[in-house]
Amino acid sequence: MAIIVNLDVMMAKRKISAGELAERVGITPANLSILKNNKAKAVRFSTLEAICEVLECQPGDILEFRKE
């Protein structure tokens with residue numbers, strides 16, 4: 001997939017665990033894991049907004065486009 005999710009990088013920078021992020025965003029740890037491991041086919045803007053709010057970042061800090 002050409003869209004890469006760099007969520008683990010931002011989580012490490014902010015020193016937040018997957019469990020804490022999932023809880024604060026309001027999604028299940030399993031769904032966060034799917035997103036974090038580039039297995040998601042889509043992400044809701046509301047989820048992306050919540051992640052950015054919790055991590056105090058921009059969507060571009062998490063999502064990256066790489067030409068295949």
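Mentor: A helix here is a DSSP run of H or I with at least four residues, numbered from the N terminus. Keep that in mind as we read this predicted model.

Trainee: What follows α4?

Mentor: Glu 56 does, and its phi is positive, near 50°.

Trainee: Which residues of helix α4 are buried?

Mentor: Buried means under 20% relative accessible area. In α4, which spans residues 45-55, that picks out Thr 47, Leu 48, Ala 50, Ile 51, Cys 52, Val 54 and Leu 55.

Trainee: What covers the buried residues of α4?

Mentor: The cover includes the helices α1 (7-14), α2 (18-25), α3 (29-36) and α5 (59-62). Strand β2 (63-65) is also part of that cover.

Trainee: How many disulfides does a search of the whole structure find?

Mentor: A disulfide needs two cysteine sulfur atoms within 2.5 Å. The search finds zero. Take Cys 52: the nearest cysteine sulfur belongs to Cys 57 and is 4.1 Å away, so Cys 52 is in no disulfide. Cys 57 is in no disulfide either; the nearest cysteine sulfur to it is that of Cys 52.

Trainee: Is Cys 52 buried or exposed?

Mentor: Cys 52 is buried, at a relative accessible area of 9%. Cys 57 counts as buried too, at 9% relative accessibility.

Methods. Residues numbered from 1 in each chain as written. Predicted model: local features only at pLDDT ≥ 70, side-chain atom pairs only at ≥ 80, totals over all residues. Heavy atoms only, no water. Buried < 20%, exposed > 50% of the residue type's maximum accessible area, 1.4 Å probe, protein only. Helix = DSSP H or I, 4+ residues; strand = E, 2+ residues; numbered from the N terminus. Contact = heavy atoms within 4.5 Å.
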